[in-house]
Amino acid sequence: MKQATVDQQECVGCGACAEIDPEVFRINDDDKAEAYGKVTDANEESTQEAIDTCPVSAISWED
Ligand code: SF4
């Protein structure tokens with residue numbers, strides 16, 4: 001199963017990923033996004049959309 005990861009150094013906390021894919025991404029107490037949820041068949045497409053939308057390319061797939 002794929003999993004997403006957010007580079008905490010790169011994230012600017014815009015919130016776009018959490019809006020697009022709230023099952024996987026949320027904004028943490030440091031105002032950065034974190035990938036807290038599992039990527040499933042149901043949300044994989046929106047996870048990819050979040051990756052493509054992130055303005056600073058902070059999200060990537062993990063092996
Ligand atoms: S879209 Fe990118 S910059 Fe914006 S909160 Fe998500 S990871 Fe951070």
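This is a predicted model: local features need pLDDT of at least 70, side-chain atom pairs count only at pLDDT 80 or more; totals for chains, interfaces and linings use all residues.
**Overall build**
- Two helices and four strands make up the elements of the protein, in the order β-α-β-β-α-β from the N terminus.
- Helices (H or I, at least four residues) and strands (E, at least two) are DSSP runs, numbered from the N terminus.
- Along the principal axes, the C-alpha atoms fill a box of roughly 30 × 15 × 15 Å.
- Of the contacts between residues at least 6 apart in sequence, 58% join residues at least 24 apart; a contact means that two C-beta atoms, placed from the backbone, lie within 7 Å.

**Burial and core**
- Buried residues are 25% of the 63 residues.
- A residue is buried if 20 or more other C-beta atoms lie within 10 Å of its own, exposed if 12 or fewer, and partly exposed in between, with C-beta atoms placed from the backbone.
- The largest nonpolar core has 13 residues, and V6, C17, F25 and I59 have the most contacts inside it.
- Strands β1 (3-6) and β3 (33-35) each supply at least two residues of this core.
- Such a core is a set of buried Ala, Val, Leu, Ile, Met, Phe, Trp, Tyr and Cys residues joined through C-beta atoms within 7 Å.
- Not counting residues up to four places away in sequence, F25 touches C17, A18, A33, A35 and A50.

**Helix α2**
- Q48 is in helix α2 (residues 44-53), and it counts as partly exposed because it has 17 C-beta neighbours inside 10 Å.
- T53 also lies in helix α2, and its 16 C-beta neighbours inside 10 Å make it partly exposed.
- T53 and A16 are 37 residues apart in sequence and 7.4 Å apart in space, C-alpha to C-alpha.
- Leaving aside neighbours within four places in sequence, T53 is in contact with A16 and I20.

**Around the ligand**
- C11, C14, C17, A33 and C54 come nearest among the 14 residues around the ligand; a residue is near a molecule if its C-beta atom, placed from the backbone, lies within 6 Å of it.

Conventions. Residues are numbered from 1 along each chain as its sequence is written.
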